[in-house]
Amino acid sequence: MTENGHNPMKPYLGKLVAVKDLATEIKLLCVELLNGGSEAFSAYQPGQFAFVSAFGFGEAPLGIANTPQRGPYLDFAVNRLGSVTTGLHELGEGDMVGVRGPLGNWFPMHQFKGKNLIVLGGGIGGAPLRPVIQSVLDKRADYGHLTILWAARNPSLLVFTDEYDEWR
């Protein structure tokens with residue numbers, strides 16, 4: 001149980017409110033939590049993850065790719081690699097998923113206040129770093145200089161390219 005009495009192993013239903021191609025074989029799933037899930041996830045931190053279920057296929061651990069301050073939905077970047085992620089890729093807007101969490105450690109954003117930061121990420125590995133960038137941008141005065149180094153094996157695997165201007 002967490003401090004607020006939430007059991008992170010309890011599954012919640014989630015409805016896909018948007019599905020977007022991020023890169024080659026990488027999709028962004030935007031999930032609206034139902035049956036009490038939004039309360040359970042109201043205070044998740046950058047770096048945490050959740051298990052996301054594609055019904056009939058199983059579940060996979062996926063980093064939460066946004067902050068609670070950026071809206072009421074959870075974002076998950078999903079790279080098509082196996083049966084579960086392929087099942088998630090086949091879903092569309094309005095389809096249902098299962099979500100358990102939030103789980104795992106998180107980035108200690110409070111310890112970064114007043115400091116210069118370098119965020120180094122790339123490809124699908126950049127997804128769990130997006131909330132760090134969002135946190136810094138949303139409270140810009142709390143942090144020093146932000147440098148983002150972003151890469152991928154090839155340009156077709158770069159994620160969140162539509163946000164690069166905001167990051168600048």
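Me: Which residue in E2 does alanine 23 stand opposite?
Reply: Alanine 23 stands opposite isoleucine 26 in E2, where strands are DSSP runs of E with at least two residues and helices are runs of H or I with at least four, numbered from the N terminus. This is a predicted model, in which local features need pLDDT of at least 70 and side-chain atom pairs count only at pLDDT 80 or more, while totals for chains, interfaces and linings use all residues. Residues are numbered from 1 along each chain as its sequence is written, and side-chain values use heavy atoms, with hydrogens and water left out.

Me: How many residues lie between E1 and E2 in the hairpin?
Reply: Two residues lie between E1 and E2, and glutamate 25 in the turn has a positive phi of about 65°. E1 and E2 pair in the antiparallel sense over eight bridges; strands count as paired if DSSP finds at least two bridges between them.

Me: And what is the order of the strands in the open sheet?
Reply: The six strands run E4-E3-E6-E1-E2-E5, with antiparallel pairing. Strand E4 (58-63) and strand E5 (74-79) are at the edges with a single partner strand each, so one side of each has no neighbour in the sheet.

Me: What joins E1 to E6?
Reply: Strand E1 (residues 11-23) and strand E6 (residues 96-103) run antiparallel and are joined by five bridges, with proline 11 standing opposite arginine 100 in E6.

Me: Switching topic, is cysteine 30 buried or exposed?
Reply: Cysteine 30, which is found in strand E2 (residues 26-33), counts as buried because its relative accessibility is 13%; buried means under 20% relative accessible area, exposed over 50%, and partly exposed in between, using a 1.4 Å probe and protein chains only. E2 itself is mostly covered, as seven of its eight residues are buried.

Me: What does cysteine 30 touch?
Reply: Leaving aside residues up to four places away in sequence, cysteine 30 touches Lys15, Leu16, Val17, Ala18, Tyr73, Leu74 and Asp75, a contact being heavy atoms within 4.5 Å.

Me: How many residues of helix H4 are buried?
Reply: Seven of the nine residues of helix H4 (residues 130-138) are buried, so the helix is largely enclosed by the rest of the structure. Among the buried ones are Val132, Ile133 and Val136, and the cover over the buried residues of H4 includes E2, E5, helix H3 (109-112), strand E7 (117-122), E8 and helix H5 (164-167).
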